[in-house]
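Let us walk through this model one element at a time. Keep the structure open beside the text.

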Amino acid sequence: MACETITDVTPLEGESPFLLACRRKPVPYTPVWYMRQAGRSLPEYRIARSGMGMLEACQQPELIVEITLQPLRRYDVDAAILFSDIVVPLKAVGVSLDISPGIGPVVENPIRDASDLQRLRPLVPDDVPYVTEAARALVTELGGRPLIGFAGGPFTLASYLVEGGPSKTHDRTKALMYGDPPLWNALLGRLADITLAFLQIQVAAGASAVQLFDSWVGSVSPDDYRRSVLPHCKRIFDSLAATGVPRIHFGVGTGELLSLMGEAGADVVGVDWRVPLDEAVRRVPPGKALQGNLDPAVLLAPWNVVEARARDALGRGRAAEGHVFNLGHGVLPETDPDVLARLTDLVHTESARAAGGI
Ligand code: CP3
């Protein structure tokens with residue numbers, strides 16, 4: 001469903017299906033949004049960003065609003081996600097880093113010892129005025145459709161800071177976690193403070209749900225997660241409880257961690273494509289909604305495959321107390337936006353039919 005202008009984003013009447021599903025309440029249809037829906041796969045995004053660095057773009061309120069809304073003009077998704085990046089708050093407190101095109105975050109002086117921690121001072125609202133301004137403007141533009149705020153999880157942020165850039169195996173990060181628990185805990189404590197503040201700032205500006213992207217935490221074992229990561233995530237989620245907004249917790253390759261991620265305190269646990277949703281229901285403690293979990297690569301296959309896989313995920317998702325349809329990780333850059341538009345409509349009509357609504 002392609003729409004031309006922002007005003008074509010239809011206001012929702014009553015409570016949003018996305019928020020209802022996060023709260024495990026009955027929904028007229030399964031709500032859907034896509035991780036990384038704002039950005040790289042959209043031609044209009046490339047035009048809006050042309051000649052501008054990623055971090056520079058993340059500091060311009062009008063551009064943040066525009067890029068956040070772009071996917072909503074193409075897809076009838078049930079939520080918008082703020083255009084930003086997990087390293088924006090680190091940059092805002094003065095860490096010298098950049099996002100290299102096609103590579104990801106690169107940190108000039110990686111964290112090596114306790115003296116490096118001083119570079120991670122607490123984040124205050126004045127550090128990110130552009131986030132507050134953009135989120136406020138978006139809430140008005142969205143006319144009741146929820147805005148999702150987000151931040152990076154402490155392990156994932158630590159990985160960029162310790163490795164100095166993207167890593168497949170996170171060896172140095174884990175060496176620090178195994179070898180120097182006091183420094184590790186001090187580092188994750190500071191990162192959790194920054195992440196918590198960044199999420200609180202977005203909620204104060206009107207975000208009606210938050211997602212913690214601990215994308216790379218699937219590289220640790222359950223015992224290590226429980227000992228070295230969970231307490232920091234739990235503090236973030238516990239501190240957010242007072243805001244009343246749904247809290248989503250996502251990581252990749254976290255099949256063995258789903259139960260512990262549930263324990264960390266989010267309302268919704270994100271599941272990647274490796275664990276079917278009905279199996280994820282058995283792994284996550286009761287009282288949680290699930291989000292996921294179509295393999296983003298499925299969208300590159302012919303439509304009949306996309307359709308069959310989406311129906312399968314929807315069917316399995318019915319075993320959950322609440323289900324927010326999503327991909328198992330972010331939209332791949334080469335994804336055809338028309339396929340996402342079609343998928344969004346399929347999720348809505350199929351789930352409404354199954355719920356007896358159509
Ligand atoms: O979901 C959305 O559409 C909102 C925007 C968003 C971005 N990054 C914009 C972005 C979100 C939610 C993120 C989160 C993020 N950033 C994560 C967690 C999600 C995940 O994918 O696991 C991580 C690990 C990062 C760090 C990061 N930023 C990487 C690894 C990269 C390079 C790879 C890539 O995605 O192209 C970035 C850059 C980045 N962040 C881009 C966008 C749109 C591409 C920059 C460009 O267009 O030049």
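The model is predicted. Begin with a pair of parallel strands. Strand β4 covers residues 147–152, strand β5 covers residues 209–213, and five bridges link them in the parallel sense. One of the contacts along this pair can be named: G152 has F213 of β5 as its bridge partner.

Now widen the view to the sheet. Seven strands build an open sheet, and their order is β1-β4-β5-β6-β7-β8-β9. The pairing is parallel. At the edges sit β1 (80–81) and β9 (323–327), each of which pairs on one side only. In general, strands of a sheet pair through backbone hydrogen bonds, either parallel or antiparallel.

For an antiparallel case, turn to β2 and β3. Strand β2 (residues 97–100) runs antiparallel to strand β3 (residues 104–107), and four bridges join them. Across this pair, L97 faces V107 in β3. The two strands form a hairpin with three residues between them. G102 in this hairpin has a positive phi near 75 degrees.

Other backbone details deserve a stop. R24 also has a positive phi, near 65 degrees, and R24 is a residue other than glycine. Its place is the loop between α1 (17–22) and α2. Elsewhere, G292 and N293 are joined by a cis peptide bond with omega at about -5 degrees. N293 belongs to strand β8, residues 289–294.

Next come two packed helices. How are α9 and α10 set against each other? Helix α9 (residues 181–204) packs on helix α10 (residues 222–240) at an angle of about 25 degrees, and their axes are 10 Å apart. An angle under 35 degrees counts as roughly parallel, so α9 is roughly parallel to α10. The crossing of α9 past α10 is right-handed. On the α9 side, the contact includes W184, L188, A192, L196 and L199. On the α10 side, V229, H232, R235, I236 and L240 are among the residues involved. Sorted by class, this contact of α9 with α10 holds eight nonpolar, seven polar and two charged residues.

Finally, look at the charged pairs. The whole structure contains 20 salt bridges. One of them joins R74 to E44, with the closest N and O atoms 2.7 Å apart. R74 lies in helix α4 (residues 61–74) and E44 lies in helix α2 (residues 43–49), so this pair ties together parts that are 30 residues apart in sequence.

Methods. Residues numbered from 1 in each chain as written. Predicted model: local features only at pLDDT ≥ 70, side-chain atom pairs only at ≥ 80, totals over all residues. Heavy atoms only, no water. Pairing = 2+ DSSP bridges. Axes fitted to C-alpha atoms, helices over the stretch in contact; angles between N-to-C directions. Parallel < 35°, antiparallel > 145°, perpendicular 65-115°, else oblique. Left-handed = near helix turned anticlockwise from the far one by under 90°. Contact = heavy atoms within 4.5 Å. Nonpolar A, V, L, I, M, F, W, Y, C, P; charged D, E, K, R; others polar. Salt bridge = Lys/Arg side-chain N within 4 Å of Asp/Glu carboxyl O.
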